[in-house]
Amino acid sequence: MSTSSNPATNQEQANEMGFTLPSPTSPTQIAQTLIQKKETIESELSTHISILRSNNVDMNTPLLDPEGFPRSDIDIWAVRKARVRIIELRNDLRDITDEIGKALEGVYAKPTASSSSGSGSSNQSTQVQQQMDVAQEEEELTPFARVNSVAPGGPAAEAGMQREDAILKFGNLVKSSFDPPSSLMPLAGLVSQNENKHIIIRVLRAGEQKYLTLTPRQGWGGRGMLGCHIVPYSG
């Protein structure tokens, strides 16, 4: 049995079944591809960090003994190579995190008038209405937490989170998810359930809303799985 890989044929078959395949260049597809790349970078980064840990050093530990000779208790070559690669990967991670944020803005962008024009099919009308409902919901979000501090090199820093960011949405959590508002226990529970998994966060920063992709994890070199201190929002 042979199957056709022609994109046009696949789309025609999908239309007959009542749905539309996402475009390879749609914001959703772009975001998914970028997130996969981010996972690859994070995996390699973890590998090189483990090399430092196995030698009981970090990015700043001296590699020379008090007399100025290379330390004999560590693999100098492996540590130096790992440090260089960690710097490169952290830069790549910062860049791709910014790209993910921009792609997510496209995913949740409010549809324009042109996006609702075209064939006028009920399918497209339904999709546009759903997008408008999502946009309206996102516009009505209000802050429920504030980032009080961010640890360098932690998951929050790698996600692009900054001090004083006001959190509008954390995964599926919004302001109404917290009762009383002063308790952030639902957020802690969500984090613990999503170790090494991506959580999409929406924050308000200097009057502008931004999307971040945070990956909670242990062993990044500090306390907790986020690398930041989050407190209830008081506006």
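Is A206 buried or exposed? Some notes as I went through the model.

1. A206 first. At 84% relative accessibility, A206 counts as exposed; the cut-offs are under 20% relative accessible area for buried, over 50% for exposed and partly exposed in between, with a 1.4 Å probe and protein chains only. A206 sits in the loop between β3 and β4 (208–214). Its phi is near 50°, a positive value in a residue other than glycine.

2. Ground rules. This is a predicted model, where local features need pLDDT of at least 70 and side-chain atom pairs count only at pLDDT 80 or more, while totals for chains, interfaces and linings use all residues. Residues are numbered from 1 along each chain as its sequence is written, and side-chain values use heavy atoms, with hydrogens and water left out.

3. Overall layout. The protein has six helices and five strands, in the order α-α-α-α-β-α-β-α-β-β-β along the sequence. Those elements are DSSP runs, numbered from the N terminus: H or I of at least four residues for helices, E of at least two for strands. Of the 235 residues, 33% are buried. Among contacts (heavy atoms within 4.5 Å) with a separation of 6 or more, 64% are between residues 24 or more positions apart. The accessible surface is about 14200 Å², with 51% of it belonging to carbon and sulfur atoms; areas come from Shrake-Rupley with a 1.4 Å probe, and for residues only the protein chains shown count as cover.

4. Helix α6. In this helix (residues 185–193), L187, L190 and V191 are buried. Looking down the axis of α6, the buried residues fall within an arc of 100°, so they line one face of the helix; the arc is taken from the directions from the helix axis to the C-beta atoms. As background, an α-helix has 3.6 residues a turn, so residues three or four places apart point the same way. The buried residues of α6 pack against β2 (166–170), β3 (199–205) and β5 (228–232). On the other side of α6, M185 and Q193 are exposed.

5. R83, worth a look. R83 is in helix α3 (residues 76–107). R83 is buried yet has no salt bridge, and the nearest side chain of opposite charge, D58, is 4.7 Å away. For the record, a salt bridge here needs a side-chain nitrogen of Lys or Arg within 4 Å of a carboxyl oxygen of Asp or Glu; Lys and Arg count as positive, Asp and Glu as negative, and His and the chain ends are not counted. What does lie 2.6 Å from a polar atom of the R83 side chain is the backbone oxygen of D58. Not counting residues up to four places away in sequence, R83 touches L52, D58, M59, N60, T61 and L63.

6. R205. This arginine lies in strand β3 and is buried, at a relative accessible area of 16%. A polar contact of 2.7 Å joins the side chains of R205 and D165. (A polar contact is a pair of N or O atoms within 3.5 Å; within protein, one must be able to donate a hydrogen and the other to accept it, and residues adjacent in sequence count only if both atoms are side-chain atoms.) Leaving aside neighbours within four places in sequence, the contacts of R205 are G160, M161, Q162, D165, K210 and L212.

7. D179 and P180 are joined by a cis peptide bond, with omega about 5°; P180 lies in the loop between β2 and α6. E164 is in the loop between α5 (155–158) and β2. Phi of E164 is near 80°, a positive value in a residue other than glycine, and at 40% relative accessibility E164 counts as partly exposed.
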